[in-house]
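Visitor: I would like to learn how to read a protein model. Please take me through one.

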Amino acid sequence: MCLDGANEEGPSKLPVAATQSLLEKIVHEQLESDDVAITLSAGSNKGDNYIGIVFRARAECRKSGKVLHIIAKLPPITEARRNQFFARPSFEREISFYTEIYPMLEQFQQERGIDPKDGREAFNQIPQCLATCLDEFEEAIFMRDLKEEGFSMVDRHSIPTIQHFRMVVKGLARLHALSFGLKDQHPERIEPYKSMVELFTTRDWDDSMEQWFKMLIDRAMGTLDKDKEPEVFEKVQKALDGKFIDLVVDMTKGEHAEPYAVICHGDCWNNNIMFKHENNTPTKLCLLDWQICRYASPVLDLMYFLFTASDKAIRDKHYQELIDLYHETLSEFLIRLGSDPEKLFPRSALDAQLQRFGRFGLLMAVMLLPITTTKSEDVPDLEEMAQKLENGFDVADEVDSFRSEDTEAVYRQKMGDCCRDIVRLGYI
């Protein structure tokens with residue numbers, strides 16, 4: 001086996017020897033040869049990933065010319081960043097999804113006569129996982145590189161088209177329907193996953209993290225005019241009153257959503273979704289990054305996506321349509337799975353869940369909109385940021401983090417509109 005030296009695009013080897021060995025093992029098996037050349041490059045742009053570090057590997061068999069493209073997802077190396085971005089529990093959760101949860105969902109579909117390979121009829125919108133490692137400090141997930149299969153992300157600074165929104169909503173509906181079907185027909189299978197620990201609780205003791213969230217809340221409140229829109233201001237202020245992590249944890253407890261809690265994606269924003277297009281129209285969907293997969297209300301995934309990826313124009317014109325499409329798709333899929341949607345999740349239950357958990361969209365907007373409206377070149381150095389959080393920091397020194405001068409107006413418009421819509425919909 002020959003490993004090419006460093007190139008202009010990236011390092012010659014992965015940063016952990018055991019992880020590099022696993023990559024080489026995968027390549028040998030997939031290409032059926034030891035005579036291969038491997039080159040590495042960065043797998044994401046600055047500001048696109050926070051919990052993991054992504055590498056893109058290209059392997060070529062020298063004899064046959066066969067090429068393999070792999071994504072290697074690794075945790076941060078430094079202790080500070082591992083701690084602040086809860087790397088260990090995040091990789092445990094995502095590896096559990098690929099090795100336990102998705103195989104369970106796939107088996108259930110097969111048992112009900114649904115071909116899990118048929119993306120038009122089944123839920124299979126995840127990347128192909130080639131191998132994983134859960135050894136501490138050697139955590140790794142290896143997947144086929146979807147970019148080489150024609151998939152791409154919608155730029156986080158852009159608004160997806162309504163076709164993109166419809167595709168994601170339908171994918172989430174099928175994902176959630178599988179939980180309802182399992183709870184109805186095989187409750188013992190899903191039972192172990194009801195106790196998944198909410199990953200936000202792994203930092204609930206961290207005062208510096210709470211200071212950071214307090215700064216984000218103050219910034220969000222600054223997009224509203226107390227005198228011109230007192231009702232919106234007061235309702236948003238009340239909804240965001242308290243410890244931010246406690247607010248999130250309250251929303252994400254599965255027992256608060258029963259009997260309607262399901263296995264959720266958990267981190268449904270633009271950077272964790274890829275699409276394949278034909279003539280600029282999305283034809284296939286893939287949901288990435290299952291590191292915050294949780295057992296909670298299905299509304300959380302919807303609110304997360306709709307209030308971080310859309311803008312007011314999309315919501316004004318299509319919000320109700322998308323909610324309707326979600327429930328119609330979920331109901332149709334449940335029937336195909338052999339269960340009764342009117343018994344398990346009637347429309348009245350969805351409406352009640354929206355009233356109970358709809359404010360989750362506001363919480364995620366407070367956290368995500370600063371990121372989605374910050375230019376890549378203005379994203380702070382995450383290693384430095386993690387070290388500051390680890391050591392404690394002065395909030396005043398970080399007030400300009402995740403902020404771009406020429407996109408600040410975009411942030412203010414999106415955040416303010418999110419607040420107004422959450423109030424208009426009656427979620428707070």
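Visitor: What is the mean pLDDT of the chain?

Guide: pLDDT is the predictor's confidence in each residue, from 0 to 100. The mean for the chain is 90, and 89% of its residues reach 70 or more. Over residues 1-8, however, pLDDT stays under 50. Where pLDDT is low, the predicted coordinates should not be read in detail.

Visitor: How many helices and strands does the chain have?

Guide: Helices (H or I, at least four residues) and strands (E, at least two) are DSSP runs, numbered from the N terminus. The chain has 15 helices and 10 strands. Of its 428 residues, 57% count as buried.

Visitor: In which order do the five strands of the open sheet lie?

Guide: Strands of a sheet pair through backbone hydrogen bonds, either parallel or antiparallel. Two strands count as paired if DSSP finds at least two bridges between them. Here the order is 1-2-3-5-4, with antiparallel pairing. Strand 1 (36-42) and strand 4 (129-133) are at the edges with a single partner strand each, so one side of each has no neighbour in the sheet. From one strand to the next, the twist averages 20 degrees. Strand 1 pairs with strand 2 (residues 53-61) over seven bridges, and leucine 40 stands opposite alanine 57 in strand 2.

Visitor: Which helix lies across strand 3, strand 4 and strand 5?

Guide: Axes are lines fitted to C-alpha atoms, for helices over the stretch in contact (heavy atoms within 4.5 Å). Angles run from 0 to 180 degrees between N-to-C directions. Helix 3 (residues 87-111) lies across these strands and runs at about 45 degrees to strand 5 (140-144). Helix 1 (residues 17-31) also belongs in this picture: its buried residues pack against strand 1, strand 2, strand 3, strand 4 and strand 5. Among those buried residues are Leu22, Leu23 and Ile26.

Visitor: What span should the 15 residues of helix 1 have?

Guide: The expected span of a helix is 1.5 Å times one less than its number of residues. For helix 1 this gives 21 Å, and its end C-alpha atoms are 21 Å apart, which agrees. Just after helix 1, glutamate 32 takes a positive phi of about 55 degrees.

Visitor: Which strands form the open sheet of three?

Guide: The order is 6-8-9, again with antiparallel pairing. Strand 6 and strand 9 are the edge strands, each pairing on one side only. Two bridges join strand 6 (residues 151-152) to strand 8 (residues 273-278), and phenylalanine 151 stands opposite lysine 276. Six bridges join strand 8 to strand 9 (residues 281-287). Their hairpin has two residues between the strands, and asparagine 279 takes a positive phi near 55 degrees there. Helix 4 (residues 162-185) lies across strand 8 and strand 9, at about 40 degrees to strand 9.

Methods:
Residues numbered from 1 in each chain as written. Predicted model: local features only at pLDDT ≥ 70, side-chain atom pairs only at ≥ 80, totals over all residues. Heavy atoms only, no water. Buried < 20%, exposed > 50% of the residue type's maximum accessible area, 1.4 Å probe, protein only.
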